[in-house]
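Me: I would like to go through this structure by asking what each label rests on. Could you set the values against the cut-offs as we go?

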Amino acid sequence: MGAEARLAAAPFRPEDELADFIAGRGGDGAVVSFVGLARPAGADGEAVTGLFLDSYPGMTESSLAAIADGALTRFGVSAVRVVHRCGQIAPGEPIVFAAAASAHRRAAFEAADYLMDRLKTDAAFWKREDGVDGSRWIEPAADDRAARARWSDPCPE
Amino acid sequence: MKILFFGRLADSAGREVELDLPAEGCTVAELRRRLAGALPQAAGELTRPSIRACIDLEVAPETARVMPGQEVAFLPPLSGG
């Protein structure tokens with residue numbers, strides 16, 4: 001089945017993605033998935049009224065596909081799916097769904113962990129947090145960079 | 001030709017701008033200077049070294065040549081997803 005990556009301009013239902021992903025499995029014993037949600041408060045504790053993920057048509061989809069392919073190849077899992085929102089996102093809404101399937105659980109857990117660490121730093125988005133006092137554009141956090149460095153891949157620069 | 005801007009850069013430069021390029025093209029560095037001249041409100045942001053150019057969806061160095069008809073974008077550092 002391979003690696004699937006999709007950019008979603010409108011809200012999606014992670015439970016439907018998971019059900020569809022599981023239904024497509026043939027013989028795998030393990031499916032691991034992650035859902036990222038838009039938090040209602042920013043890093044500074046201030047209320048966030050919305051999140052805007054700017055994306056570059058063509059480049060953003062390619063960056064998602066490269067990350068999904070990377071997980072498939074590195075961990076030898078049988079399938080990977082990434083669904084990532086772009087555009088305007090409300091607090092509480094799903095931003096990303098990332099899943100991996102394999103014969104046994106270890107590879108699927110590691111692939112899902114890797115997918116999220118890479119998506120947090122290498123996916124071609126520009127994120128803006130909107131609050132009551134205005135908006136600010138976000139850079140990757142130190143935690144995200146450290147997590148990305150765990151996997152020792154060369155950074156695409 | 002169309003030049004595209006993303007992220008915080010689009011706040012000051014807009015999403016896209018039309019610019020005439022000579023038939024022989026120009027370097028990314030020259031294009032950056034011309035854009036800063038054409039969009040004074042975005043000049044400060046555009047000339048930061050952290051802003052990178054992309055030609056036909058690939059990051060390009062300042063010395064790369066831009067030809068009319070290519071897709072060019074200027075990008076701030078990625079936020080990630």
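Predicted model: local features only at pLDDT ≥ 70, side-chain atom pairs only at ≥ 80, totals over all residues.

Me: Why is Glu17(A) counted as buried?

Reply: Buried means under 20% relative accessible area, and Glu17(A) has 9% relative accessibility, so the residue counts as buried. Glu17(A) lies in helix 1 (residues 14-23) of chain A, and, leaving aside its neighbours within four places in sequence, it is in contact with Arg6(A), Phe12(A), Arg81(A), Val83(A) and Phe97(A).

Me: What makes strand 5 and strand 8 of chain A the edge strands?

Reply: The open sheet is formed by 4 strands of chain A in the order 5-3-7-8, with antiparallel pairing. Strand 5 (87-89) and strand 8 (134-138) each pair on one side only, and these are the edge strands. Neighbouring strands of this sheet are turned by 25 degrees against each other on average, direction ignored.

Me: How do you know that strand 7 and strand 8 of chain A pair?

Reply: Two strands pair if DSSP finds at least two bridges between them; strand 7 (residues 125-131) and strand 8 of chain A have 5 bridges, in the antiparallel sense, and therefore count as paired. Asp130(A) stands opposite Ser135(A), which is in strand 8.

Me: What radius of gyration does chain B have, and how does it compare with that of a compact globule?

Reply: A compact globule with 81 residues would have a radius of gyration near 12 Å, and chain B has 12 Å, so the value agrees. Along its principal axes, the C-alpha trace of chain B spans about 35 × 25 × 20 Å, and buried residues make up 51% of its 81 residues.

How values were computed: Residues numbered from 1 in each chain as written. Chains lettered and ligands numbered in written order. Heavy atoms only, no water. Helix = DSSP H or I, 4+ residues; strand = E, 2+ residues; numbered from the N terminus. Axes fitted to C-alpha atoms, helices over the stretch in contact; angles between N-to-C directions. Buried < 20%, exposed > 50% of the residue type's maximum accessible area, 1.4 Å probe, protein only. Contact = heavy atoms within 4.5 Å. Rg over C-alpha atoms; globule rule 2.2 N^0.38 Å.
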